[in-house]
Protein chains: 2
Amino acid sequence: MNQPFSFRLIKTNGTARRGEFATPHGKVQTPAFMPVGTQATVKGLMPNDVQATGAEIVLGNTYHLMLRPGAEEIAALGGLHKFMNWPLPILTDSGGFQVMSLSDLRKLSETGVTFRSHLDGAMVDLSPERAVEIQALLGADISMQLDECLKLPASSEEIARAMQLSLRWAERSKRAFEGRAKQGYALFGIVQGGDDLALRAESARALTRMEFQGYAIGGLAVGESQDVMLRIVAETTPALPAERPRYLMGVGTPHDLIEAVKRGIDMFDCVLPTRNGRHGMAFTRLGSINLANARHANDPRPLDEQSAHPAARTYSRAYLHHLTKANEILGAVLLSTINLAYYQTLMTGMRDAIEAGRFVDFQAETETQWAKGDLPPR
Amino acid sequence: MNQPFSFRLIKTNGTARRGEFATPHGKVQTPAFMPVGTQATVKGLMPNDVQATGAEIVLGNTYHLMLRPGAEEIAALGGLHKFMNWPLPILTDSGGFQVMSLSDLRKLSETGVTFRSHLDGAMVDLSPERAVEIQALLGADISMQLDECLKLPASSEEIARAMQLSLRWAERSKRAFEGRAKQGYALFGIVQGGDDLALRAESARALTRMEFQGYAIGGLAVGESQDVMLRIVAETTPALPAERPRYLMGVGTPHDLIEAVKRGIDMFDCVLPTRNGRHGMAFTRLGSINLANARHANDPRPLDEQSAHPAARTYSRAYLHHLTKANEILGAVLLSTINLAYYQTLMTGMRDAIEAGRFVDFQAETETQWAKGDLPPR
């Protein structure tokens, strides 16, 4: 398990890419979707059940883990992989995004950010160097640089200032990472620049000159339209080196994933499949399905008898409806499982289509199936 | 899978009994513990994970299932086994106990009980005949007669009246059951009589004359002391036929189980292992352990490295503490699993000890281990 981090581009189809990267905890096929394990657990699921959905890598949240149980504490317990009993690769974010979205008092300076913990009100410092240190303590296969995530809308000046600060933090993150990096572990830079295409391109070019092992597009999936997001993705990916993986942070719906892969994205993370699963929503081959709807109450059919995952083939819609209405934990567990499995099926489908040179057809077929919608009532 | 219901007494050791019963969905070794699957799910656990704890039978709650999704609805979906994807035996209670404890308006008559649903306020009738019908619709391998469960303390007259009514309902339940019983399915009578030993004996003798396939002791585990409960058990079991299984409803702690098996009980159900698991409490070989306690925060040791279940050997106490403090679903899932597995290990231990004629020694060893308490802090 001591392969270096490397990315291999296997095939392209248009601007869509089929690849593979290797980490100290194993290989990951791309385009890849990473389930979110915020607090050292993909909510509700045992690690082997996460693996059974087809996931090859999960994401952990630095902000949550640094506050509870703490990075040094996890390191003393043998690192995040051992702590959460997840043997495959882990990517951690840098905490920047959650500092913006979860803590209610922030003070930003050139040095870093000071914020009030949403758990106990303590004041906490996070700098680019500390973010790298935390992620090294966690043992992340892939670490992310600390960046400043702006709330949009913001003025052009403000967007430019935050992007430039993020670039300086990228430099410092890289120096800190190189000072302690172990063979095979990776650090990714993050492109910022809001909805300004010129700033995005400038950020991408500057990061590329710094030579990261991979590049993320950050500051999206924060409420902008899909059009805006996809335009930024389409304009940014050409400015990134072809031989490095590209990660679109916090995205998205199944349709977002297809459109972003089409524009050259290799990696995704998103809470949607698990969060929506906890609220009775299923993502399927037949589109998204609200299990709380009374139409499912007496329906003996499974969610999708063609699903690759037994949970979507075994339990009746009536049962999933019942669990949802009764607020039973198992409803959240089963629908999270089913949704993660569907996301992985979608990624597998895209990978196969790119290899076969038929990504456009795959997209058309998938969207046609979604557009047909759910099974007619019995 | 079409064996008739039968109980075979394999070995006795003092008044403790080792046996086996056969149902249409398979055999169950006794003494047996039945996890509670109130709303057609053992809370939080996938059915195969329940089976992996060693459970051979689960309990379903008629009261909850008749209100949501409804008995006829479950029957139309193929019965409770199929609905909840549980292939092994199911015992259902009659609803009497929950009518007492959950619905806020009740009108009791000779005919039955009318109550207000705690879900939607609808008025619902439950009679002995309807309780049998509901359980048949669910497809329960073992059904329970409807009884009147009294809140204690109550006057002797009131206890006697409720016991006599429960006997008349037992007769009616039996007639209704025989009118529709299928080969191999069983109906159990329920001994009532509060804390009055004479009334308990009278109830047991009258039920025995009616010839049920098994006998339960009801109306206990409602707040009385363990002494009172065990005295009633000890005085009641001799009045029941040796060749039929005996089920102590709603009990209990691991210590309750040992003391009741010692007094001739064959079957148990209780929410404790799952409910306490959802609140950070573990039942183990080392006694009960509160994972919310800060002493576990940095403890890399598993809950019990000698456990038969991998969950108790794999995850660190620090991780279980973290999940508990962070209110993560997986904490409830893992501790429920660990607790159910410990209950099954305890039952296996008792069965082996009875077969080996060393139940007293097993009890002493188990209690000595509990008394030593948890591991010393590291």
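**Exercise 1. Determine how H10(A) and H14(A) are oriented relative to each other.**

Solution. H10(A) and H14(A) are roughly parallel to each other, a class that covers angles under 35 degrees. The model is predicted, with local features needing pLDDT of at least 70 and side-chain atom pairs counting only at pLDDT 80 or more, while totals for chains, interfaces and linings use all residues. Side-chain values use heavy atoms, without hydrogens and water, residues are numbered from 1 along each chain as its sequence is written, and chains are lettered from A and ligands numbered from 1 in the order in which they are written.

Step 1. The axes of helix H10 (residues 254-262) and helix H14 (residues 329-355), both of chain A, cross at roughly 25° and come within 11 Å. Axes are lines fitted to C-alpha atoms, for helices over the stretch in contact, and angles run from 0 to 180 degrees between N-to-C directions. Helices are DSSP runs (H or I, at least four residues), numbered from the N terminus.

Step 2. On the H10(A) side the contact (heavy atoms within 4.5 Å) involves A:Pro254, A:Leu257, A:Ile258 and A:Val261. On the H14(A) side, the residues include A:Tyr342, A:Leu346 and A:Met350.

Step 3. By class, this contact has ten nonpolar, no polar and no charged residues. Ala, Val, Leu, Ile, Met, Phe, Trp, Tyr, Cys and Pro count as nonpolar, Asp, Glu, Lys and Arg as charged, and the others, Gly among them, as polar.

**Exercise 2. Describe the packing of H14(A) with helix H15 (residues 359-372) of chain A.**

Solution. Step 1. The two axes lie 8 Å apart, at an angle of about 145°.

Step 2. H15(A) contributes A:Phe359, A:Phe362, A:Thr366 and A:Trp370 to the contact, and among the H14(A) residues are A:Gly349 and A:Ala353.

Step 3. Eight residues of this contact are nonpolar, two polar and none charged.

**Exercise 3. Characterise the interface of chain A and chain B.**

Solution. Step 1. In this interface, 37 residues of chain A are in contact with 36 residues of chain B.

Step 2. The two chains bury about 3000 Å² between them, 64% of it on carbon and sulfur atoms; buried area is the accessible area (1.4 Å probe) that two parts lose on being put together, summed over both.

Step 3. A:Met46, A:His322 and A:Ile329 lose the most area in chain A, together 20% of what that side buries.

Step 4. Two salt bridges (a side-chain nitrogen of Lys or Arg within 4 Å of a carboxyl oxygen of Asp or Glu) are counted between the chains. B:Lys43 forms a salt bridge with A:Glu328, with the closest N and O atoms 2.5 Å apart.

Conventions: Helices (H or I, at least four residues) and strands (E, at least two) are DSSP runs, numbered from the N terminus. Angles under 35 degrees count as roughly parallel, over 145 as roughly antiparallel, 65 to 115 as roughly perpendicular and the rest as oblique.
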